[in-house]
Structures are given as C-alpha cells and as structure tokens.
Amino acid sequence: METQKSYLIHFIILLLLLVVTFLLNVSLGSVSIPFNEVISGIFGGETSKSSWQFIVFDYRLPKAFTAILAGGGLAVSGLLMQTLFRNPLAGPFVLGLSSGASLGVAFLILGAGIFGGALGGLLLSSWSLVIASALGSFLVLLAVLSVSFKVKDTMTLLIIGLMFGSVTAAIVSVLSYFSNAEQLQQFVFWSFGTLGNVSWQGIFILSLCVVFGLLLSFVSIKPLNALLLGENYAKSMGINIKKTTLYIILATSLLAGSITAFAGPIAFVGLAVPHLTRQYFTTSNHLVLLPAVLISGAILMLVCDTVAQLPFTEYTLPINAITSLLGAPVVIWLLVRKRKLLF
Amino acid sequence: MVIGSEKKITILMTSENKHSVLEISELAIGYISKKKTTIVSEGINFSINKGELVGLVGTNGIGKSTLLRTLAGMQSALKGAITINDTPLNQYSSLQLANKLSIVLTEAPASSNLSVLELISLGRQPYTNWVGKLSETDKEIIQKALKATETESLANQKCYELSDGQLQRVMIARALAQDTQLILLDEPTTHLDLYHRAYILKLLKRLAIESGKTILFSTHEIDLAIQLSDKMLVMTSEKTHYNSPENLIRQGCFETLFPKETIHFDPEMKRFVLKN
C-alpha cells in the first residue's frame, strides 16, 4: 500500500509525548516526590527517603508500565476489530469482548467458593485470571463471529454484540447473587478497573500476552489492508480470509482478554483511540496505523491514569470511569464534527 | 461483398494469434444450500481470446452476477468446466488466481477513508512481501494504471470525496494494477450518467486493444455494448448465446431478451426502441 508521505515526524512527536506522559505519570501521585528523586528512583538509585524509592519502583513504575501495555493493547485490538468487522463502532467493549472477559473472571472469583477455600486460592493466581478472562473474551468473539457469517449487516452485528454483553452481565448478576460478600467485593473492585494492582511478575505475564497479540497483529498487516476493500476483493487478491480472521480473532482476544484480566474492563480506549489517531495520521495503511495506534493508546492511558490518581490527594478514581468520561465526549465530538465516523 | 471480405480478414487475424484465455464448457451455475440445489443457468459454453472485449447482457436476476462470481472463483460451479490459460480454475491456488484474474465488483470499498493512491496500490498485493512493501516496479505499474484511467489528479483524494464515475475509474485502475490477463467487471456502468457510461466502456475497449487485456463485463447498456464489444454473451432463460454482436443481431437474439409489449429491438438501428 502506497502512502503519500512519510510519517517519521509524526512518530517522533508521538514518542516524545509518550516519554513526557510517562515521566508525568510516575512523578505525580498521592505523595509529592521531587522530580530528580523520581528519576533516580526509576533507575534504582538512592533516594533521600527510602519510602520514595519503594513508591516509585514498586508502585508507580509497574502502574505506568501496565498503563502503557493496557492502553496500547486495547487500542490495537480496537483497530483490528474495526477493520475485521468493517465498522467504525467496533471495539473490544462494544462487541461484548470485555463482558466476556468479565464473565470468565466472575466464574473464577465468584465460582471459587464452590471449589472450596484452598483450591480456590490456588485458582486465583495471576495465570488463572488471565486464562479465564482470555477464554471468556475468546468465546464471546467466536460467538459474535459465527453470527457474523450469517448476518451480513454490521449494524445488526453490533446490536448482537451488545446483546451478548447483556447476557453475560446477567449471568454475572446471578453469580453475584449466590456469592459471599468477600468474593463480591473482590469482583466489584476488579470491575472498576485498576492499573495499580499489577506486580512485576504480573507485568511479565501481561507483556508476554500483549507482545504475542501484537506479533499476530503485525503479521496480519497486509491482509488487514486488503480487508479495507471488503472480503470479496481481499479474496480476489489472494488473501486467505479464514487464516486472517483466525489471526485477528486470536490477537484481539489475547490482547483484550489479558488486559481485562489484569486491569479490569476498561471502556472506550479501544473504540476512541483508532479514530483519534486517524485524525493525525491521515492514512489507512495498517503499517503506519498499527504502531501509531499502539503509541497513542499508551499515551492516552497514561494521561487517564494521571488524572485518575488525583495527584497530591489520597484518592484514586476507578480508571474505567475516567476513560469513559474522557472517551465518550471524544466520540460524540468526532460524530458531530464529521457527521460520520470513517475507518 | 465488402462485409464478406472484412469478415474473412477478422477470421484470418483471430486464427493467427488465437489464444483462448477463458474457456467455458457445459457450465451450470447456481447455489447449493443444505436443502436443495438452485440452478440459475446451465449449458453455458463460450471461449474468450486474448485482447477481446466481451459484453454480458440479460435481464435482472438472470444470473449475470452469479456467472461472474463463479468465473472469479468466489462460488463453485455446479457442473461443467472453467479453464483459464489452459488450466482448470480449481487447480489454481487463490494467490495464483490473483495473478491471472482481477475483478471490479458492484460493491463500494468497505473503507471510504482510503485514498485513491492507497486503493490502487492495494492491487499490487499478490506481488508484494508480507507487509506489502512496494518495489520500484510496483510503483511504475501503479503510475501506469493511474495514467490509463486518467485518475492521476485524484491520487491524493479520499474515496468518500469521489463521484460515482471517478470511483469506478479508480476501481478499474486497481484491477489494472493487479496486472492480470483477465479482468471481470460486474456492471461497471451502474449509477453513471450517459457520458460516464460511454467513457467507462470506451476505456475498457482501449485497454483490450492497447494492453491486450481480456475483458468480460456485465451491463444493462445493450446499445453501447453492441457498438463496442468484440463478442457478446446474451443470457436468456432458455439459453446463453455467444457470438459477435452482428451475428447475434442477425440471429434475432436481442428480440427475445425482453417482453415485446413494451420495447422491441430494431436490427437496422442496432438498438431498442419503445413500442408505440
């Protein structure tokens, strides 16, 4: 695919923004720490107070990395969904992927009681959360996709996605009704979405999943571009539609599933970031869009997290609320300004 | 006398470089579902040579699109043989077929945010590497496609900014960029005004003569197709006729196309006229 211009400068600006928002994110928090102390904390050096070293290295840094992984990963999965379904409103949240993931997690956390205490504790390790959540989103995506072979109208498909979301939400309600207060609280806190609860080990698992999902996405760049013309044209240019669809589904459910497992369901990033990126990168070429969306998603999530932690106060707002508060107006603004969302 | 000698020359010419690009024998087309098989049309026989422009006409729902979709390998034939360049269609992998055959469909590109240049360069996909990087040769072929369809000035525009006529030219340019011997077009003149309909068909004619492309297009522009096509496929509910427009007129083929109460074919004027 030929693009008119090189987007090198755009990418340099984005990367600079990423560094700035990253530093901003780690230097702001409930405890006020001087900037140079933060820097030395990042690199594991000595800080004036040993607690600062702990706060920066064991709390703020993992949180910032989670924000980068979650923001970038969700934004890329949104882009993949929009191209696969050829619908500008597609995204991991709208199509019920996140609800699927939450269903998986609900079964795990709320259903843990059924298996008894000891076994339940074992089940709740980071890995099982990831597997349950990825499995949940994968199943919902498969369901949506199998319907999409029958229903060609993408609007109908989105409504069906929303219905799947309702059904999973209903099942979660039923599960909640039968579970005890402690489990319920654990699940509710997970569903608020938080970037701060991920340990370095968790980040390792999360980044493995995200990197693998991204690899699958990058392998699909060429078929993704072909899909912009529609399935029939893509086929006529020698693209293996079945394989491509499988790769894209695997990539999205890995990305959305693992991120939702660690950070909870996070709305609007997947839907809004690809559209925002297209305002700046006026190309449809996924070779440019994919990395651009990845970096933009990371930046947006770092900003949202910085706002969510309400600097210099002891309160932290649920990240899900902030992304919705920022994301929904952005989508409305785009719709009003362009009258039509293009992808 | 004059007509006779002209015919002799054409026969000589075709026999000289006769190379059949697309050959169809006893083809039956239609749909297979779990419950039943629906035959849309059967007993289709024809063979198109290199550099020929062939118009496919017939009433709505007679199976023109089904035939084109079957020839493009988008749905399977119920019966009979399709041979492209002496090789049966089902022996090609989808990538090999993409080197032989390109299509222009009635559907608009799924993403209207594509720029014209991006869209046309997608035609190079069968030849590019895994990320679709364009070589100098690829870029040259894209420029040639832009030039042939007179879309150079549109190159940086987005698809949603184009008129129907412009978009159709761009879709043809994409098929040209795919650089295939055979091009199939499904109703390339729909939604266009008279000028653009004539423009598109003349463009196809020029491509067949100058670039030696073999082109099969379906259309409702029977009058224009008669004037431009080398051969024509006329699909009726009884039979599919294949011949040169002159012979088809002589055989009275077009008269059977529509019910005679409203319009009838005038063989002298080579076009349909309203019945008073």
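In what order do the strands of the open sheet in chain B lie? They follow the order β6-β7-β8-β3-β9-β10, making 6 strands with mixed pairing. Keep in mind as you explore that this is a predicted model. For the complex, the predictor reports an ipTM of 0.90 and a pTM of 0.88.

**The sheet of chain B**

- Start at the edges: β6 and β10 (240-243) of chain B each pair on one side only.
- From one strand to the next, the twist averages 15°.
- Now look at strand β7 (residues 182-185) and strand β8 (residues 214-218) of chain B, which run parallel and are joined by 4 bridges.
- To find one spot on this pair, pick B:Leu185, whose bridge partner in β8(B) is B:Phe217.

**Helices lying across the sheet**

- Helix α6 (residues 164-177) of chain B lies across β6 and β7 of chain B. Its direction is at about 170° to β6(B).
- Helix α7 (residues 194-210) of chain B lies across β3 (53-58) and β8 of chain B. This helix runs at about 160° to β8(B).

- What does B:Leu184 touch, leaving out residues up to four places away in sequence? Its contacts are B:Leu68, B:Leu71, B:Ala72, B:Leu101, B:Ile103 and B:Leu216.

**Where the two chains meet**

- Chain B brings 30 residues to the contact, and chain A brings 26 residues.
- On the side of chain B that touches chain A, at least two residues come from each of α3 (94-100), β6 (101-104) and α4 (116-121) of chain B.
- Sorted by class, that side of chain B has 17 nonpolar, 11 polar and 2 charged residues.

- The average pLDDT of chain B is 90, and 93% of the residues score at least 70.
- One stretch to treat separately is residues 8-16 of chain B, where pLDDT stays under 50. For these residues, the model has 1 contact beyond four places in sequence.

Conventions
Residues numbered from 1 in each chain as written. Chains lettered and ligands numbered in written order. Predicted model: local features only at pLDDT ≥ 70, side-chain atom pairs only at ≥ 80, totals over all residues. Contact = placed C-beta atoms within 7 Å. Nonpolar A, V, L, I, M, F, W, Y, C, P; charged D, E, K, R; others polar. Pairing = 2+ DSSP bridges. Axes fitted to C-alpha atoms, helices over the stretch in contact; angles between N-to-C directions. pLDDT = per-residue confidence, 0-100.
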